[in-house]
Amino acid sequence: MPKKGGKKGAGGKQAAMTEEERLLYMQQKSQAEEEMARRKEDMLTQFLKDKLQKEERNSAINMHKLTQQWRAVLRQTRAAELRSDIAILSQTFERVLDRKDSVIKSLVSDLSEAEQQSALALRAHLQCLDRLLELQKGRLAALKLQWNNSLEELSSEYNTEREQILTQHQQDSAYLEDVTFAMDQHYGEIDNEARQDYQSTRDELKNRNIEEKHALRIQLEGTVEELWRQFQQALQSYNKATEDRHITFDSLRTKDQRSAKEIDLQMRHLQKIQDSINALRSRLSSGQKESEMSARGLRAAREEVTQKVQQLKAKLTLARAAERKQLANLTMHSNNTTKKLQDIIAKGEKLLCLAEMCRKLETEQEKVLPFYTSSLSAEELNQAREHAMEPPSEELAQAMLDYTVLEKFWQRYNKVLLERLCLEREKVVLGRENQQLRVLLKQYLDGISVSDEVLSQRNPLLMVSRQSLQATPTSEAQTQKRHTVIEAAHVVQHTL
């Protein structure tokens, strides 16, 4: 046998080998066996990995196929359900459409009747509005007539007072001018007389001084001639002999004393003349003081007259300012009244427009019965009428009598206000019900649909079965869990 021969050959070779060669051969053989075992292990690992990937691909493809088939089944069942729902809804729609047609026909007949009744109500409403407008126009005409009468009275009073004040002012001005002219003329005459007296006194004093000066000059000339003669004699005597100087000095001293006495006399005479001048000046100053006092009295009288004139002018300006202020207040009140009346007219036009708009939105019942029936009994109505017939005792009650025409309007307004409050409350209640229905509808839709958001939450209509799958042994030795989700409605349909 060749194998036996081979073995024998190997044994012969080993027998022929030395101990070192045998050890080396055994090491090589063990390395070759280890290499062969490692290759087998790698091949087995690669085979298992390829098999695992193939299984994963096959499982993904199978899951995709199952999902597609499951969706097709669900679509078929859902389509059948929707067809039945559409048939039911079409029947319901036709039945509702027939009912609506009958309602529309009845409403058309009711609409024709309601239009006739609304025309009657509109005619009555327009008549009431015409009556209200006539009353308002009459009131405005009376107020305008009263305002015009008061304006004419104030204008006439103002004109008469103005004319009186102007005439009085002219008279006072003429009187003051006359008084001023008379005072100026009187003081002019007094001033002229004082000037003439002063001029005559001055001329007299001047003439007297000239005469006295002339006489003194003549006397002094004589004295000077005599002194000149004596001086000539003294000069001659001096020329004759200088020994006579002492005698000459004495004679000259005596002459000098005499001349001093004469000069003293002349100075006294001049002093007397100066005293007379001072006396005349004092008389002139006293006359000037008297004239100044009289002029001061005249100035005081003139100032009094001027103050009276200023007071009259101030009173006149105050009266003019008061009249101007009164006229401005009257103009302002008239403008305010005009603006208020224009606002009232604009408000009335706005009310008419709103009435037209509201008339289009009225229901049939409101068009037929615009005013609701009173909830009071017959006795209470009679008591209310008797109380209304009594004469009012307060001003507010008397003012309210002018607005009794608007009683029907306030009834309709109160009715609309109550209906509005009721609708608001009903709106709140319906909003809450709508919110609750939305929540229930969302819960129902979440229960019949399949999505990631629904699956992540708790849902009583879904049944989940878990199956533990053991993976093939790998180097990491991990286990994976897969979840199969089945809709409860599908399970119930197939089990039934």
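Colleague: Why is serine 155 called partly exposed?
Modeller: Serine 155 has a relative accessible area of 32%. Buried means under 20% relative accessible area, exposed means over 50%, and partly exposed is what falls in between (1.4 Å probe, protein chains only). The value for serine 155 falls in between, so the residue is partly exposed.

Colleague: What kind of model is this, and how are its residues numbered?
Modeller: This is a predicted model, in which local features need pLDDT of at least 70 and side-chain atom pairs count only at pLDDT 80 or more, while totals for chains, interfaces and linings use all residues. Residues are numbered from 1 along each chain as its sequence is written, and side-chain values use heavy atoms, with hydrogens and water left out.

Colleague: What makes a stretch of this chain a helix or a strand?
Modeller: Both are DSSP runs, numbered from the N terminus: a helix is H or I over at least four residues, a strand is E over at least two. By that rule the chain has nine helices and two strands. Their order from the N terminus is α-α-α-α-α-α-α-α-β-β-α. Serine 155 is in helix α2, which covers residues 19-240.

Colleague: Where does the chain come back to serine 155?
Modeller: At glutamate 323, which is 168 residues away in sequence, with a C-alpha to C-alpha separation of 9.9 Å. Glutamate 113, another residue of helix α2, has its C-alpha 9.5 Å from that of glutamate 364, across 251 residues of chain.

Colleague: Are leucine 122 and glutamate 113 buried, partly exposed or exposed, and what decides that?
Modeller: Leucine 122 has 29% relative accessible area and glutamate 113 has 48%. Each value lies between the limits for buried and exposed, so each residue is partly exposed. For the chain as a whole, buried residues make up 6% of the 496 residues.

Colleague: How do you know that glutamate 19 and arginine 22 form a salt bridge?
Modeller: A salt bridge is a side-chain nitrogen of Lys or Arg within 4 Å of a carboxyl oxygen of Asp or Glu. The closest N and O atoms of this pair are 2.8 Å apart, so the pair meets the cut-off. The two residues lie in helix α2, three residues apart, about one turn of the helix. Arginine 22 is partly exposed at 28%.

Colleague: How many salt bridges are there, and which others can you describe?
Modeller: The whole structure has six. One of them joins glutamate 81 to arginine 78, with the closest N and O atoms 3.2 Å apart. That pair is also in helix α2, three residues apart; glutamate 81 is at 39% and arginine 78 at 38%, so each is partly exposed. Another joins arginine 268 to aspartate 264 at 3.6 Å. These two are separated by about one helical turn, because they are four residues apart in helix α3 (residues 245-360). Aspartate 264 is partly exposed at 37%, whereas arginine 268, at 52%, is exposed. Salt bridges with shared partners also link Glu35, Arg38 and Arg39 into one network.

Colleague: What makes Phe409, Trp410, Tyr413, Leu417, Leu418 and Leu421 a nonpolar surface patch?
Modeller: Patches take residues with over 30% relative accessible area and no salt bridge, joining nonpolar side chains (Val, Leu, Ile, Met, Phe, Trp, Tyr) within 5 Å and like charges within 9 Å. Tryptophan 410 has 44%, so this residue passes the area limit. The patch comes to about 600 Å², with areas from the Shrake-Rupley method. Tryptophan 410 is in helix α7 (residues 407-448).

Colleague: Which residues form a patch of negative charge?
Modeller: Glu152, Glu153, Glu157 and Glu161. Asp and Glu count as negative. Glutamate 152, in helix α2, is exposed at 55%.

How values were computed:
Accessible areas come from the Shrake-Rupley method with a 1.4 Å probe; for residues, only the protein chains shown count as cover. The place of a charge is taken as NZ of Lys, CZ of Arg, CG of Asp or CD of Glu.
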